[in-house]
Amino acid sequence: MTYGGDPAPPPPRRGRGPLIAVLAVVTLLVLAGGAALFVLLGQDEPAPVAGPTQPATAGGPDADVADPTDVPSAPAPESSADPRFVKVGQCVRNEGTAGGKPKLLISDCAPKSYEVLRRIEGVTSGEKDAEAKCAKVSGYTNWYFFDSELDTLDFVLCLKQR
């Protein structure tokens with residue numbers, strides 16, 4: 001038996017290349033977005049805290065100087081003025097508002113600045129720990145500590161107001 005006519009060619013097959021390319025692009029976008037979100041949310045560090053260890057003078061607090069006992073609301077900026085990079089002998093100034101939270105920045109040693117008498121690296125548990133560590137430093141008037149989730153970044157500054 002013979003059939004009339006030429007056999008019909010098989011229908012053309014569509015390749016899976018375009019589908020795989022689209023799925024790869026979507027997967028990369030989802031992974032990149034997740035990584036970006038992880039990085040942005042992972043930058044929350046506890047704010048550094050500072051406090052005085054001497055009572056206020058009888059004349060009352062100086063209106064031009066912010067109170068270093070308050071806690072900053074956000075981590076300090078990462079720059080060369082960040083107190084995380086201060087060394088013994090350098091000075092910091094409080095850029096926080098009067099009666100507000102302190103914001104220490106490395107500065108020139110001028111009146112109303114704080115000279116770093118000692119920098120103590122290592123784990124700190126807070127205000128009492130910072131005060132106890134600075135109690136051994138002759139001439140200090142204030143302390144400042146930075147307590148991070150990563151204990152290797154913790155430090156205490158023993159300061160003397162100029």
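Keep in mind as you look around that the model is predicted.

Let's begin with the cysteines. A search of the whole structure turns up two disulfides. If you count the bonded cysteines along the chain, they pair in the pattern 1-2, 3-4.

One of these links ties Cys91 to Cys109, with an S to S distance of 2.0 Å. Cys91 sits in strand S2 (residues 91–94), while Cys109 lies in the loop between S3 and S4, so the bond links distant parts of the chain, 18 residues apart. Are the two partners buried or exposed? Cys91 has a relative accessibility of 1%, so Cys91 counts as buried. Cys109, in contrast, is partly exposed, with a relative accessible area of 37%. The angle about the S-S bond is 100°, and this link is right-handed.

The other disulfide joins Cys134 and Cys158, whose sulfur atoms are 2.1 Å apart. Here too distant parts of the chain are linked: Cys134 belongs to helix H2 (residues 127–134) and Cys158 to strand S6, 24 residues apart. Cys134 is buried, at 0% relative accessibility, and Cys158 is buried as well, with a relative accessible area of 0%. This disulfide is left-handed, because the torsion about its S-S bond is about -95°.

Now for the charged side chains. Side chains of opposite charge can pair when their charged atoms come close.

Arg162 and Glu115 meet in a salt bridge at 3.6 Å, N to O. Arg162 lies in the segment after strand S6 (155–161) and Glu115 in strand S4, so this pair links distant parts of the chain, 47 residues apart. Arg162 is partly exposed at 45%, and Glu115 is partly exposed at 22%.

Another salt bridge brings together the side chains of Glu95 and Arg93, at 2.4 Å from N to O. Glu95 is partly exposed, with a relative accessible area of 40%, and Arg93 is partly exposed at 31%. Glu121 also pairs with Arg119, their closest N and O atoms being 2.3 Å apart. Glu121 is partly exposed at 48%.

Our last stop is Lys112, in the loop between strand S3 (104–107) and strand S4 (114–121). Lys112 is not a glycine, yet its phi is positive, about 70°. Lys112 is also partly exposed, with a relative accessible area of 37%.

Definitions and conventions. Residues are numbered from 1 along each chain as its sequence is written. This is a predicted model: local features need pLDDT of at least 70, side-chain atom pairs count only at pLDDT 80 or more; totals for chains, interfaces and linings use all residues. Side-chain values use heavy atoms; hydrogens and water are left out. Helices (H or I, at least four residues) and strands (E, at least two) are DSSP runs, numbered from the N terminus. Buried means under 20% relative accessible area, exposed over 50%, partly exposed in between (1.4 Å probe, protein chains only). A salt bridge is a side-chain nitrogen of Lys or Arg within 4 Å of a carboxyl oxygen of Asp or Glu. A disulfide is a pair of cysteine sulfur atoms within 2.5 Å.
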